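Welcome! Take a look at the sequence and the model, then read on.

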Amino acid sequence: AAALELAAVTKAYGETVAVDAVSLKIPAGTYCCLLGPSGCGKSSTLRMIAGHEFISAGDVMIGDTVVNDLPPAKRGTAMMFQNYALFPHLSVRDNVAFSLKMAGIGKAERLRRADELLDLVDMAKYGERLPSQLSGGQQQRVALARALVTNPTVLLLDEPLSALDPFLRIRMRAELKRYQREFGISFIHVTHSQEEAMALADMVVVMNDGRIEQVGSPREVFNAP
Ligand code: ADP
Ligand code: ADP
């Protein structure tokens, strides 16, 4: 079964057609990397899936549900950005619990879940800190906990590793693959790096000028041996 299906999904900003009738099926538990030149529509596609952007035409389906009109918190998706985007005035624990608040979950349960996820990403000791009191890599782990806390079926990552040093980047890749295996999450991971896609992806999608140009395994798409 497809975890995520896009059916002729289109985004127009005024005269600019950023995403042009894109159709795509991503099977459950698949790690998909999305590549393409700057401005080709990758972020717009992610934001439409997450519900941060209206869809101009077409349907986004998660499982069997058309989610076009559902708010972000009700879609079964979570999104993680390059700059982590943690709330600076909230503690690490409250950052992680925040999306559960949006989903209407009570405080005691929120904090219990947040601690569970902080434990999962090895950040249990840092719950009371503010984001500014953490290293970049630690902030990234908190952002990952915040994304995972709602049990998403689809995790959307917009160049999440590009700001990390090479050592942390390799470590985070292994973590992401672990979540794929352990929780059966499907990923759509925007990256500029062919090397990163080779390391992570089961499926590579290449966009150009608002359309999908190529879909296949990393080997097929990159002509690797
Ligand atoms: P990518 O993530 O591949 O760099 P984007 O989805 O950010 O591409 O952008 C695709 C196209 O849509 C670009 O031409 C960009 O300038 C345009 N675009 C993106 N966001 C907006 C916006 N909020 N308003 C107007 N145009 C936008
Ligand atoms: P972000 O925090 O990533 O900028 P938001 O969730 O604040 O995204 O939403 C960005 C824009 O998308 C806002 O104009 C908001 O009104 C709109 N929006 C929010 N939820 C939905 C939704 N379910 N469908 C369509 N648009 C939405």
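**Briefing: cysteines, sheet, helices and cores**

With a disulfide taken as two cysteine sulfur atoms within 2.5 Å, the count comes to zero disulfides. Cys33 is in no disulfide, and the nearest cysteine sulfur, that of Cys32, is 6.9 Å away. Please keep in mind that this is a predicted model. The points below go through the cysteines, the sheet, the helices, some single residues and the nonpolar cores.

**Cysteines**

- Cys33 has a relative accessible area of 0%, so this residue is buried.
- For Cys40, the closest cysteine sulfur is in Cys32 at 13 Å, which is too far for a bond.
- Cys40 counts as buried because its relative accessibility is 2%.

**The sheet**

- Six strands make up an open sheet with mixed pairing, and their order is E6-E7-E8-E3-E9-E10.
- At the edges stand strand E6 (77-81) and strand E10 (211-216); each has a single partner strand, so one side of each is left without a neighbour in the sheet.
- On average, and with direction ignored, neighbouring strands of this sheet are turned by 20° against each other.
- In what sense do E6 and strand E7 (residues 154-158) pair? Their pairing is parallel, over five bridges.
- Where E6 meets E7, Thr77 stands opposite Val154.

**Helices across the sheet**

- Helix H4 (residues 136-148) lies across E6 and E7, and runs at about 165° to E6.

**Loops on either side of E7**

- The loop between H4 and E7 holds Asn151, a residue other than glycine whose phi is positive, near 55°.
- Is Asn151 buried or exposed? With 56% relative accessibility, Asn151 counts as exposed.
- Glu159 is found in the loop between E7 and helix H5 (166-183), and this residue, also not a glycine, has a positive phi near 45°.
- Glu159 has a relative accessible area of 18%, so Glu159 is buried.

**A closer look at Ser186**

- Ser186 belongs to strand E8 and counts as buried because its relative accessibility is 2%.
- Which residues does Ser186 contact, once its neighbours within four places in sequence are left aside? The contacts are Ala3, Ile26, Pro27, Ala28, Gly29, Thr30, Thr153, Val154 and Leu155.
- Val154, one of these contacts, is the residue that stands opposite Thr77.

**Nonpolar cores**

- The largest nonpolar core has 41 residues, and those touching the most other members are Val96, Leu144, Leu155, Phe187 and Val204.
- H4 gives the most to this core, with six residues.
- A second, separate core has 28 residues, including Ala50, Ile55, Met79 and Ile188.
- Leaving aside neighbours within four places in sequence, Leu144 is in contact with Met80, Leu155, Met172, Leu176 and Tyr179.

Notes
Residues are numbered from 1 along each chain as its sequence is written. Chains are lettered from A and ligands numbered from 1 in the order in which they are written. This is a predicted model: local features need pLDDT of at least 70, side-chain atom pairs count only at pLDDT 80 or more; totals for chains, interfaces and linings use all residues. Side-chain values use heavy atoms; hydrogens and water are left out. Buried means under 20% relative accessible area, exposed over 50%, partly exposed in between (1.4 Å probe, protein chains only). Two strands pair if DSSP finds at least two bridges between them. Helices (H or I, at least four residues) and strands (E, at least two) are DSSP runs, numbered from the N terminus. Axes are lines fitted to C-alpha atoms, for helices over the stretch in contact, and angles run from 0 to 180 degrees between N-to-C directions. Contact means heavy atoms within 4.5 Å. A nonpolar core is a set of buried Ala, Val, Leu, Ile, Met, Phe, Trp, Tyr and Cys residues joined through side-chain atoms within 4.5 Å.
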